[in-house]
Amino acid sequence: MERLVIVGGKKLAGEVTTSGAKNAILPIMAAALLTSRLCIFDNVPDLLDVKVMCRVLAGLGAECRLQGRVLTVDAAHAEPVEIEPDLIRRLRASNLVMGPLLGRFQRFKVAYPGGCEIGARPMDLHLKGFRLLGARIKEEYGFIEAEAESLQGTDIHLDFPSVGATENIMMAAVLAEGITHIYNAAREPEIVDLQNFLNKIGARIQGAGSDTITIEGVKNLQGAEHSIIPDRIEAGTYLAAAAITGGEILVRNINPYYLASVLAKLREMGADVHPYSTEIFLRGPSRLRAVDCKTLPYPGFPTDMQPQIMALMTLAEGTSIICESIFERRFKHASEFKRMGADIKIEGCVAVVTGVNSLSGTCVEASDLRAGAGLALAGLVAEGTTYLEGLQHLDRGYEQFEAKLQGLGARIWREKI
Ligand code: UD1
């Protein structure tokens, strides 16, 4: 087992470059199953989740080759065979193969992904969309099975703008007959990237980034090359790290527009933030100010930045309130922050965080990916040494996490235990 050792007290300074977005590459890799032609992706982040998704695609008969930042996917011989339940459990986003398999082969069988550390995470909206497109769905013995004679374009109203459901339905509808409208669609930038890739392989989709997406079914798809957009949550995490340490950093290779809600919150907390066309400069204040924050679908404040902003609140002057409206159990990191001396009270989906003067280093464990990031940020300012365990979560979604922080001057390293 490995853990991160973080010696707190160093103000971050310097420049860091954002990697490709985890939440863009995963659906786009799944989308490559739609075509029998070669797809080549660039700016692919070196993440555990990408490697697990390669295994999922390989299990379906696709060939994946990862060389540095370039990934090629050849799904010419793909088949809609059953995917190992273990892989589905390791990577929830592997459920994104459902839409492409249904679109190309009119069937799939995948293990039910179940809940996870941050909430129940049902699949009802994905399946409702597939049913409306004409699929028959069976949910039994822990599997979801779908079959259709043909898929017909239709109008789909999502009860909630789910990212995964929007992506799965978009991918299933690409080869359907006629026109599909997805209303109340999720508007995340990663959905725009998926649309751009799908259109490159021959799909006819418009509206991604707005709440209505229109997919005009096509008969044939080709191969394409595509460069993955930068990871806004990774960029946001480093900006938050600079803010909590009172440091001064420049984050390169990021579209500031995608982080507008996070930048606004960091400014409210007292940070000096300057967005440029593809870079963001941030100077942290000597003491952060308390703020209130509600997580919402994009363009609201992202739930994937909630543990990081909570880290900042633990040291801010005054009392902050977080309302977590996306995932019902996403506060497990609060008890770990409390072990470091934070003052946090949780009541349902609300956290009340009263800023303290200092945190102290101790042994803490990440319960999920972003919880790990939040705890690492707390470790950067805590007095003494913080030992962060649960790195299997962090490695799922941050490329060279400690190396990038070291580049900004942090005293952080990995050790075997
Ligand atoms: C994606 C992101 C994840 C992010 C989340 C919310 C990827 C690979 N993952 O996850 O990092 O935290 O968006 O921004 O892109 N829901 C239902 N029924 C459904 C589907 C979802 O009730 O059929 C609910 C979920 O339980 C949750 C909410 O909708 O409460 C949001 O989930 P969703 O947007 O689907 O998140 P994911 O796509 O799983």
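This is a predicted model: local features need pLDDT of at least 70, side-chain atom pairs count only at pLDDT 80 or more; totals for chains, interfaces and linings use all residues.
I will start with the ligand. Which residues come nearest to the ligand? Of the 17 residues around it, those are D124, L125, S162, D304 and I326. By type, the shell around the ligand divides into eight nonpolar residues, five polar and four charged.

A nitrogen atom of the ligand lies 2.6 Å from an N or O atom in the side chain of D124. For D304, an N or O atom of the side chain is 2.6 Å from an oxygen atom of the ligand. At V163 the backbone takes part: one of its polar backbone atoms is 2.8 Å from a ligand oxygen. As for area, the ligand taken alone exposes 750 Å², and the protein buries 83% of that.

Two helices to look at here are helix 5, residues 124-132, and helix 6, residues 163-173; each supplies at least two residues of the shell. Helix 5 gives the largest share, with three residues.

Next, helix 12. Is helix 12 largely enclosed or largely open? Of its 13 residues, numbered 369-381, 12 are buried, so the helix is largely enclosed by the rest of the structure. Among the buried ones are L369, R370, L375, L377 and L380, and also the glycines G372, G374 and G379. At the start of this helix, a side-chain oxygen of D368 reaches to within 3.0 Å of the backbone nitrogen of R370.

Last, the rings. A pair of aromatic rings is described by the distance of the centres and the angle of the planes. How many aromatic pairs does a search of the whole structure find? The search finds four. One of them is F41 with F197, an edge-to-face pair with 5.2 Å from centre to centre and 65° between the planes. F41 belongs to strand 3, residues 39-42, and F197 to helix 7, residues 189-200, so this pair ties together parts that are 156 residues apart in sequence. Buried means under 20% relative accessible area. F41 is at 0%, so it counts as buried. F197 is also at 0% relative accessibility and therefore counts as buried.

Elsewhere, ring pairs link Y238, Y398 and F401 into a cluster. There is also a charge over a ring: the charged end of K109 sits over F143, 4.9 Å from the ring centre.

That is the end of the talk.

Note on methods:
Residues are numbered from 1 along each chain as its sequence is written. Side-chain values use heavy atoms; hydrogens and water are left out. Rings of Phe, Tyr and Trp (its six-membered ring) pair if their centres lie within 6.5 Å; planes under 30 degrees apart count as stacked, over 60 as edge-to-face and the rest as tilted. Helices (H or I, at least four residues) and strands (E, at least two) are DSSP runs, numbered from the N terminus. Buried means under 20% relative accessible area, exposed over 50%, partly exposed in between (1.4 Å probe, protein chains only). A charge sits over a ring if NZ of Lys or CZ of Arg is within 6 Å of the ring centre and within 35 degrees of the ring normal. A residue is near a molecule or strand if one of its heavy atoms lies within 4 Å of it. A polar contact is a pair of N or O atoms within 3.5 Å; within protein, one must be able to donate a hydrogen and the other to accept it, and residues adjacent in sequence count only if both atoms are side-chain atoms. Accessible areas come from the Shrake-Rupley method with a 1.4 Å probe; for residues, only the protein chains shown count as cover. Ala, Val, Leu, Ile, Met, Phe, Trp, Tyr, Cys and Pro count as nonpolar, Asp, Glu, Lys and Arg as charged, and the others, Gly among them, as polar.
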